[in-house]
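User: Could you take a close look at one part of this model for me, the aromatic rings? I'd like one connected walk-through.

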Amino acid sequence: MANVVENTGNTQKRKDILVVSRRYTKAHILQHWVNLLLMLIFFTTGIEVLLKKYPIGDYKFTQQVHLISGYIIVFWTLIGYMAIMIKNKKLHEVFPTPKNVLDMILIVGCAVGILDEEKYYPHYDKYIPEKKKYIQKYHPVQTFLGFFNIIFLFFIAITGFVLANNIGLVEDSSLFVIISKAILTPVINMDLNIRFIHFLAFTYFLMTTILHGYFSLLKDNRERFKAMVSGFEVIGKMPQEVEPEV
Amino acid sequence: MKSISKILIFLFLFMFSTPSIVHGQGAMKGFINLNFPDNSLDVKDGIISKSWDNVTSYQNITEFGEQGKVYFANNRTHIFAKLEIDASLPWVAIEWNSDPSNFMEKGNDVWTVYLDDTDKTFEVKDATMDGTDIPIEDPNNDIYAECVFEDNIATVEIVRPYIGADVTDVQFSNNTIYKLTFASYDAHYEVDNQYYVNLLWVNMTLYGPPIIEEPVIIDNSFDWTGLKMNILYGVLAFTGAFIATHFLIRGIFRPLHHPSRIVDANYKNPTFGDRWNQIKTIGKGIRKTAKKSTVKKEVKH
């Protein structure tokens, strides 16, 4: 934590300390921006395949770029990132709790105007400077988002591997294909459309990514957004009594 | 097969994605097009018409896989086709009025068939060649088609009127010879930055049989692509509406005022029990509280 001293006019007795905190680690920042890059590649190549229009390269090239990005995000997010979270004992941050459900009920109630915001809004993301500790760091919706991102990423990955195998981009002997087919066997047996499931997962990511981008640009979240670049955010000002100057 | 056609396979070298077309020799004997003996063809019933059993003119088309076959027929107003394709091929194409001297030229009419063996879905596109780039879809799709997947073979049934709606569409007429080029995904491959294409050419002679009625074409199948596009536009519309609503409520009319995020070391985050108790009180005085709060604010002002 870095502390910046600022005068308030009454410098003899009191100073406001600007509290700045490290919100994200370098690994977290890297993970976030690599994910964004991969998302852009997925959206672009996925839309190209959906519309069967290829401004860059051709069908085969586009499919391969899509698939390689798939391998990267599986290793990066489903394996690497999860390992980092477990190692840092922060896995609980990406899983919603029953309390988050109640928080969301209150948030929705306040948003639609049936609850008094002053009394009921469950303010989150508190910070204790003395302990350099965040309390309920994320908005309750973010915990659901983190959880469902992993679920949908898993499903979009296994359906993607089966589709890639179908067009000959991945061999039958690939471990990814074997595992994916084993998991999707009930779906295949029910004759459900795997590409449609892949598409539904895509629409989830499209929607949540747009909303995530919108919320990150809101005034209330600007410091958090900056922290996703520098790692640090200004939490606020903390009054502190000081000895009178002689 | 020996008496009907010769199969020519050409390899074309494309350097650094700037392909040049090498001309080869074409095999020029092909279909003698026959009457299609059915005036009521349902191209979306999930069944390949039995009428094809009476169409004996066909070609083995190895571009469509080892068991690849193509049947053509007509009835003076419409041209009919049945394609038997290796279902694992992502796409095949039939280019019209093309031969070794002008294949893949811009402006040539082409039918492209996209297959998905996993989902058992397909799509036939009425398109126009754009040189070596992906064919451009025509503004009007004159092709009616259905596909049945069975035993690793995708059988596609196609109907198209003689007169196409687009300027690049081949306008069929009787007693005319048409040259066709067949291509498929497997025949396009890249080795060491060099791009190869295998194509197959045949001729089709279109004879006008004495059938005069136009076929009844029924199209009532489930449209997966349409559903996907509707979902996509729906999701984008919902997201846009949500953002607009949120911005109006929280950005303009009722901005949310968060208290200081800095708390002292004794701060205790509400537990599940605390929240539960808080929610239990909602029912009691939900409107009262809101009313009082409003009155309080008014008094302050």
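Analyst: F242(B) is partly exposed, since its relative accessible area is 34% (buried means under 20%, exposed over 50%, partly exposed in between, with a 1.4 Å probe and protein chains only). This is a predicted model, where local features need pLDDT of at least 70, side-chain atom pairs count only at pLDDT 80 or more, and totals for chains, interfaces and linings use all residues. Residues are numbered from 1 along each chain as written, chains are lettered from A and ligands numbered from 1 in the order written, and side-chain values use heavy atoms, leaving out hydrogens and water.

F238(B), at 48%, is partly exposed too. Both sit in helix α1 of chain B, 4 residues apart, or about one turn (helices are DSSP runs of H or I, at least four residues; strands are E runs of at least two; numbering starts at the N terminus). Also in helix α1, which covers residues 224–253, V235(B) is buried at 14%.

Now for the ring pairs: the structure holds 22 of them over all chains (Phe, Tyr or six-membered Trp rings with centres within 6.5 Å; planes under 30 degrees apart are stacked, over 60 edge-to-face, the rest tilted). Y162(B) and F172(B) are tilted because their planes meet at 55°, with centres 6.2 Å apart. Both lie in the loop between β14 and β15 of chain B, so their pair ties together parts 10 residues apart in sequence. Y162(B) is buried at 5%, and F172(B) at 3%. F238(B) and F242(B) make a tilted pair as well, 6.4 Å centre to centre with 35° between the planes. Finally, ring pairs join Y162(B) and F172(B) with F72(B), W96(B) and W111(B) in a cluster.
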